[in-house]
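Work through the exercises below with the sequence and the model in view. Each task is followed by a solution in steps.

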Amino acid sequence: MIPLSVCIITKNEAENLEKCLSALQPYPFEVVVVDTGSSDNSKEIAARYTEQVYDFVWIDDFSAAKNFAADHASHNMILSLDTDEFITRLDLEQLQTQIEQNPKAVGSITLYNYFDGDTGKQCQICSVVRLYNRKYYRFQNPIHELLVPLGHTAYSLYDASVEADHVGYLGSGNRLAQKAKRNIEMLLKLLQQSPEDPYLLFQIGQSYMQIRDHENALAYFRQAMKCHPSPEADYTRILVYNFGHLLLEQENIEEASFLLSYYERYSSNMNYLCLVGLYYLHQNQPIKALPEFVKALTAPERDSADTREPSYYIGYIYELFGKTEIARIHYQNCGNEYAPAMEALKRLSLQ
């Protein structure tokens, strides 16, 4: 078996660190924990699970801390995790095969990002590059770090059989606000060096979204779009989705028409199709909206763990058409815990 080291950097997240380390217990991995200045009992918790606990003097650079952790691992294959990420599924046999077949590639893991939305706790699915051989790759960028190849290594990517829950966007408003403020300050420093980098602009917008400052989020998303991000990049799809939603919230229908220019690229994604459907609904064109929500029902890709939105809007459109029995069926397909559908069923029962 190819040996693997899990590297974690942490600071003052004792509760999350315990959950993160506990989730790794079933697997035969070396665990390296690097503490960047905790004042709680994080180091004591780490010592219960591994002898590989190190201190790193914080220099406002996540990449430097992660590279420090990798340098202290015993093995070349590294799985990098954040403290607030908990492994939920890992097929060890399949993972070993993937590593053997892709010795100089990086592996992306699936993250389920939980956050508090307007309708309660929500979950967004994304892929993040976290598995790599330290002989061929290093982290780069002080924040929202990226794995970059060393020397003449050709960058290649595969989907690793690893899934994890990410809870870093849950918690008290003050804690999230402090985290967002720290991230924004670091990102703005980088932006001074690369003022037309769409990825940096996108991440600043995301940080403002986390604290529900939609005005600033919209401004940075707009700047990011003007810098022509690559449609193939995963973050561009999220950028298009979030920017489009904010424009529709503000009833800026004319500017939101940019969504349609991405149709050929993203029409296999459930969340994008639902957004296009919402765009047509905002234009009072339910006949155009309906097929988009129907396509979304069977779309092979999605960024959200919640798959009920297409059914709800199909029901909503049939209700607009006066087809209440068909509407009722689609509302019921949303289950008993989807508040918009439950409200709609209650409304229909009163008719």
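A salt bridge is a side-chain nitrogen of Lys or Arg within 4 Å of a carboxyl oxygen of Asp or Glu. The model is predicted, so local features need pLDDT of at least 70 and side-chain atom pairs count only at pLDDT 80 or more, while totals for chains, interfaces and linings use all residues. Residues are numbered from 1 along each chain as its sequence is written, and side-chain values use heavy atoms, with hydrogens and water left out.

**Exercise 1. Salt bridges**

Task: State how many salt bridges the structure holds, and describe the one between Glu15 and Lys19.

Solution. 
Step 1. The count is 18 salt bridges.
Step 2. Between the side chains of Glu15 and Lys19, the N to O distance is 3.7 Å.
Step 3. Both residues belong to helix α1 (residues 14-23), where they are 4 residues apart, about one turn of the helix. Helices here are DSSP runs of H or I with at least four residues, strands are runs of E with at least two, and both are numbered from the N terminus.
Step 4. For accessibility, buried means under 20% relative accessible area, exposed over 50%, and partly exposed in between, with a 1.4 Å probe and protein chains only. Glu15 has 59% relative accessibility and therefore counts as exposed. Lys19, at 42%, is partly exposed.

**Exercise 2. Bridges between elements**

Task: Find which elements are joined by the pair Arg48 and Glu18, and which by the pair Lys43 and Asp55.

Solution. 
Step 1. In the salt bridge of Arg48 with Glu18, the closest N and O atoms are 3.2 Å apart.
Step 2. Arg48 sits in helix α2 (residues 42-49) and Glu18 in helix α1, so this pair links distant parts of the chain, 30 residues apart.
Step 3. Arg48 is exposed because its relative accessibility is 56%; Glu18, at 26%, is partly exposed.
Step 4. The side chains of Lys43 and Asp55 form a salt bridge with an N to O distance of 2.9 Å.
Step 5. Because Lys43 is in helix α2 and Asp55 in strand β3 (residues 52-55), this pair ties together parts 12 residues apart in sequence. Lys43 is partly exposed at 33% relative accessibility.
Step 6. There is also a network of salt bridges, which links Lys66, Asp82, Glu85, Arg130 and Glu145.

**Exercise 3. Packing of α12 and α13**

Task: Are α12 and α13 roughly parallel or antiparallel?

Solution. 
Step 1. Axes are lines fitted to C-alpha atoms, for helices over the stretch in contact, and angles run from 0 to 180 degrees between N-to-C directions.
Step 2. Helix α12 (residues 286-297) packs on helix α13 (residues 309-320) at about 150 degrees, and their axes are 9 Å apart.
Step 3. The two are therefore roughly antiparallel. Under the scheme used, angles under 35 degrees count as roughly parallel, over 145 as roughly antiparallel, 65 to 115 as roughly perpendicular and the rest as oblique.
Step 4. Contact means heavy atoms within 4.5 Å. The residues making this contact include Leu290 and Phe293 of α12 and Ile314 and Ile317 of α13.
Step 5. By class, the contact has 13 nonpolar, 1 polar and no charged residues. Ala, Val, Leu, Ile, Met, Phe, Trp, Tyr, Cys and Pro count as nonpolar, Asp, Glu, Lys and Arg as charged, and the others, Gly among them, as polar.

**Exercise 4. Two further helix pairs**

Task: Describe how α13 packs with α14, and how α6 packs with α7.

Solution. 
Step 1. α13 and helix α14 (residues 324-332) pack at about 165 degrees, with axes 8 Å apart. The pair is therefore roughly antiparallel.
Step 2. Their contact involves, among others, Tyr312 and Glu319 of α13 and His330 and Tyr331 of α14. The contact residues divide into 7 nonpolar, 3 polar and 1 charged.
Step 3. Helix α6 (residues 198-210) and helix α7 (residues 214-226) cross at roughly 165 degrees, and their axes come within 8 Å. α6 is therefore roughly antiparallel to α7.
Step 4. Among the residues in that contact are Leu201 and Phe202 of α6 and Tyr220 and Phe221 of α7. Here the division is 10 nonpolar, 5 polar and no charged.

**Exercise 5. Tyr263**

Task: Locate Tyr263 and list what Tyr263 touches.

Solution. 
Step 1. Tyr263 is in helix α10 (residues 263-266), and is partly exposed at 22% relative accessible area.
Step 2. Leaving out residues up to four places away in sequence, Tyr263 touches Tyr272, Leu273, Val276, Glu292 and Lys295.
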